[in-house]
Amino acid sequence: MQRALSRLFFVTALVLLTGCDGGLAPPPPSPLATIEGTIYYKGPWPPPDSVQELRFVAMRFVPQSALDLLLRFNELVISDTLRRFVDSDTFRLVIDLEGVAADTFLYSGIAWKFGPGLLDWRPLVVYDRPLVLRPGERRPIVLEADFQNPARFPGSP
Amino acid sequence: MRQGCLLLLLIALPLRAQPQRAGLEGTVRDIYGTPLTGVNVVLVGTLYGDATDAAGRYVISGIPAGTYTVRASAVGYVPAEQTVTLTPGERRRLDFALVPTVIEAPEVVVTAARRAQPLEQVPVSLSVLSLGDVTARGLFTLDDALRYIPGVQMTGNQVNIRGSSGFTYNAGSRVLLLIDGFPMLSPDADGVPFELLPIAQIDRIEVLKGPGSALYGSGALGGVIQVITRDFPEQPATEIRLSGGAYEPVRYATWKASWKGARYWRPFGTAIFTHARRLSDRLGGWIHLTYLRNTGHLNANERTLLQGYAKLRWQPAANAHVVVLSGLTWRRSDAFLYWNGLRDPLNPGRIPTTGAKDAVGANDTESLQWTLLPAFTHAPGHNLAYTIGGRLYVLALRPLDERGRPKPLSKGTLGFRYGGQFQLDWQPLEGRYLTFGASADAVATRSSFFPASDGRPFRSQPEVAIFGQWEEALTARWRMSVGLRFDAYQIRADRWITRLSPRANALFQAHPSLTLHAAFGLGFRVPGVAERYIENQEFFPIVANPDLRPETSTGYEVGLRYRYRAGRLAELNGTLALFWTDYQDLVEPRFQADRLAFQFVNLTRARIRGLETTLDVRLLDSWLEAQLGYTLLDADDLTGPEPLPLSFRSRHLLKTSLTIALPAHLRLGADLRMASRPERIDTEFARFVPDADVTVPIRVLDLRLSWQRPGLTLTLLVKNALDYYYVERPALLAPPRHLQLQLQWRR
């Protein structure tokens, strides 16, 4: 009886060891697209406290306010922080196109963090058309920003 | 020949001396008045003695006049001694009240009704993990141990008993932790402090399932974890436990590429020293030292812990004792909060929109915790006992800067939890037990997360409670108990919250090996100071809500417990329970658009019903031991117009364990834990953290092989042997396969 139970134990362990999948795994490599941009700044820069951060942001929706940036955070892609107090800078954003033939970003441009608050963000300059990106595509864009005439959220008065 | 003479002498002596001899008789009970059977009562240094009968009575006759030390001893109780002087012809009555010590028999529990009673008489569901279970599995902390208990599921640092807690982003625990009967949640976040007590000092862990506030007040919304610490043994004992191991490198190149630490084995280890001895007939205790170092399986997830612990017991009289338990724990750890997505789960994530440079998914801290638990128990009569106890829990927590240096305490948290309680146990009649008590406790916490107001840096929340319960053996087969507890919490200077928590239980012994029970009880949890007053922008924007209402629960349960024994050949213990719990006003964080921040709010109304069954089998004199626990949960969120699956609850939970004895002093064991994928998870977290909504079923297999000789045990463990990658809570990868070697030496 002991031998039979021992065999049962080992067979069960063997089945368990070989019969399960591995659980979580990294998603397969996705087809990628790239946005390669250049930003030119004209006019004077505001005081440093008013320019805490600048990033290029591409959104799959048209935001009505800064709150949308927070509430729909997973529907946007965002670049690393851009350099401040320079005449121009470049940025590169790699887009994951997993499971889609193309990705459309209805609203994109440079986001300006003007204060310490979580929602102290506003658009500085907006790209003038939707970005439609397909796998393997590299899309160069050029933006010109003026802190004296920043863009507004579509929902702003 | 000599033995024959001795026998004759033993027989002849009392016969010859009968007229001049004295007699001794009496009753041995526990401190709660229950008669104890089989207790050895002896006159120390003589052959005179007796064992108590079913009524706890003993009789010793034919004792020569003189002064004797009379000793009563039984497994699981502190031996008691009394000195008596007997005159010729005297018949003296001498009663004993024994205090439970190491509760070795699985039949005895303490949580169910605040008193020791056989498991067969417990009218609620209860699971027990013994010291042997903990040691065999090489466990370091309480949360590791709880993962092996049927019906219990860990979601990060939150304990789910039958789905009670879900995952609520560090809201207070919906399960209460008791250490030797004293509530002990952390003073900062009302969480369960898993590292407060050295695991090697735990004698057993009992998990009471279902609302338990009628017994223990706030926090016992979904259940109670009772940790019973070891007592000192009769003989001096020393134990050294050395354990070391490493996490296996992850198998995916994508994950390794983003953190070089994942390409190597990541070591961890612990060294434990304990020593226990009697210092005199009346005084004894433990000292305990632990060093733990864990490099972690994730980037920024290291942990170092130093712990000292002592337990002293002084027995000034046979019917009284004082126990003082104190521990000091220093810990330095990186708390990995959330990952950087499923493509990069080994690195902490970040939320760029916060703009804070250190707003990454990890929180490095250094903490110091000190606990002090004194308790005095006295049994002035054979049917009366009382306990007076106190508790103090001090926490000092400091965040670390970028260089790993602790920031000032003003940037961290300083918290105190203190209080005391009185409990009276009275058995006026055979089969009737009455318990009354009162307690007063308070939390006072100062934290950089709780902004000061009115010039008062400390946020406090005092509470008082009175409780009582009545337990009655109606007939030989029917037992019932009812209890009522009144709690009052002061949440502001001008506002008190009061709760009345009743419970009722019935137990019917249908057969000597079969008992049926029914239980009803209420639970509640008063939100802690962290949930009320937290204000922070560093990790997530979150604002205070001082007006939170208590969470409440109403639980019903019917169940049975079955036991079968066929000598040493086979032993089987089984349970089945059907349960139904309604929850109201569960506190969860929600993003408040008008406040532009998260806030803890009373939101969810829920219903959790289901069944749970456990089976414990021992065959051929424990050559094979097997345990199985299965829990089916039907958890619905009733907040909206249509019921939805309740977030973060697995519908199926399975815990199995198998251990067999092999030749050459070897034992081989396996533990399998499985949980189905939660049908629904909260999406608020996934707004900010990539892939936070990704889950898989949990399938974790642990293997162990031990070689045991007297005083020495060597154990090889393979944890997560299937190298299965999973999450217990959103955005936090659980440990991959890791090997561990443990050496335990006892003397």
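Two strands count as a pair when DSSP finds at least two bridges between them. With that in hand, welcome to a predicted model, in which E13(B) and E14(B) run antiparallel and are joined by 4 bridges. This briefing starts with chain B as a whole, moves on to its domains and strands, visits a sheet in chain A, and ends with a few single residues.

**Chain B as a whole**

- Chain B contains 45 strands and 6 helices.
- What radius of gyration would a compact globule of 747 residues have? The value would be near 27 Å, and chain B has 27 Å, so the two agree.
- The C-alpha trace of chain B spans about 95 × 65 × 50 Å along its principal axes.
- Of the 747 residues in chain B, 46% are buried.
- Take the contacts in chain B with a separation of 6 or more: 61% of them are between residues 24 or more positions apart.

- Chain B has three parts: domain 1 covers 17-100, domain 2 covers 108-209 and domain 3 covers 213-746.
- The C-alpha centres of domain 2 and domain 3 of chain B are 5 Å apart.
- How many residues of domain 2 of chain B are in contact with domain 3 of chain B? There are 69 of them, and they meet 106 residues of domain 3 of chain B.
- Several elements of chain B give two or more residues to the side of domain 2 that touches domain 3, among them helix H2 (131-136), strand E13 (152-155) and strand E14 (158-161).
- Strand E15 (175-179), strand E16 (182-183) and strand E17 (202-209) of chain B are also on that list.
- Which element gives the most to this side of domain 2 of chain B? That is E17(B), with 8 residues.
- Sorted by type, the residues on this side of domain 2 of chain B are 36 nonpolar, 18 polar and 15 charged.

**A hairpin in chain B**

- E13(B) and E14(B) form a hairpin with 2 residues between the strands.
- Within this hairpin, Gly156(B) takes a positive phi near 65 degrees.
- Thr155(B) stands opposite Gln158(B), which belongs to E14(B).

**A sheet in chain A**

- Chain A has an open sheet of 4 strands in the order E3-E2-E6-E7, with antiparallel pairing.
- Why is one side of strand E3 (76-78) and of strand E7 (121-126) of chain A left without a neighbour in the sheet? These two strands stand at the edges and each has a single partner strand, so one side of each has no neighbour there.
- From one strand to the next, the twist averages 35 degrees.
- Strand E2 (residues 53-59) and strand E6 (residues 107-113) of chain A run antiparallel and are joined by 7 bridges.
- Val57(A) has Gly109(A) in E6(A) as its bridge partner.

**Two residues in strands of chain B**

- Ser501(B) is part of strand E31 (residues 495-511) of chain B.
- Is Ser501(B) buried or exposed? A residue is buried if 20 or more other C-beta atoms lie within 10 Å of its own; Ser501(B) has 25, so Ser501(B) is buried.
- Leaving out residues up to four places away in sequence, Ser501(B) touches Ser213(B), Ala214(B), Arg485(B), Leu522(B) and Phe524(B).
- Ser501(B) and Phe467(B) are 34 residues apart along the chain, and their C-alpha atoms are separated by 9.2 Å.
- Phe376(B) is found in strand E24 (residues 362-381) of chain B.
- With 16 other C-beta atoms within 10 Å, Phe376(B) is partly exposed.
- Leaving out residues up to four places away in sequence, Phe376(B) touches Val322(B), Thr387(B) and Ile388(B).
- The C-alpha atoms of Phe376(B) and Asp585(B) are separated by 38 Å, and these residues are 209 residues apart along the chain.

**Two loop residues with positive phi**

- Where does Asp180(B) lie? Asp180(B) is in the loop between E15 and E16 of chain B.
- Asp180(B) is not a glycine, although its phi is positive, at about 50 degrees.
- Asp180(B) has 20 other C-beta atoms within 10 Å, so Asp180(B) is buried.
- Asn720(B) sits in the loop between strand E42 (712-719) and strand E43 (727-729) of chain B.
- Asn720(B), a residue other than glycine, has a positive phi near 50 degrees.
- Asn720(B) is buried, with 22 other C-beta atoms within 10 Å.

Key: Residues numbered from 1 in each chain as written. Chains lettered and ligands numbered in written order. Predicted model: local features only at pLDDT ≥ 70, side-chain atom pairs only at ≥ 80, totals over all residues. Domains from an automatic or database assignment. Contact = placed C-beta atoms within 7 Å. Nonpolar A, V, L, I, M, F, W, Y, C, P; charged D, E, K, R; others polar. Axes fitted to C-alpha atoms, helices over the stretch in contact; angles between N-to-C directions. Rg over C-alpha atoms; globule rule 2.2 N^0.38 Å. Buried ≥ 20, exposed ≤ 12 C-beta atoms within 10 Å, placed from the backbone.
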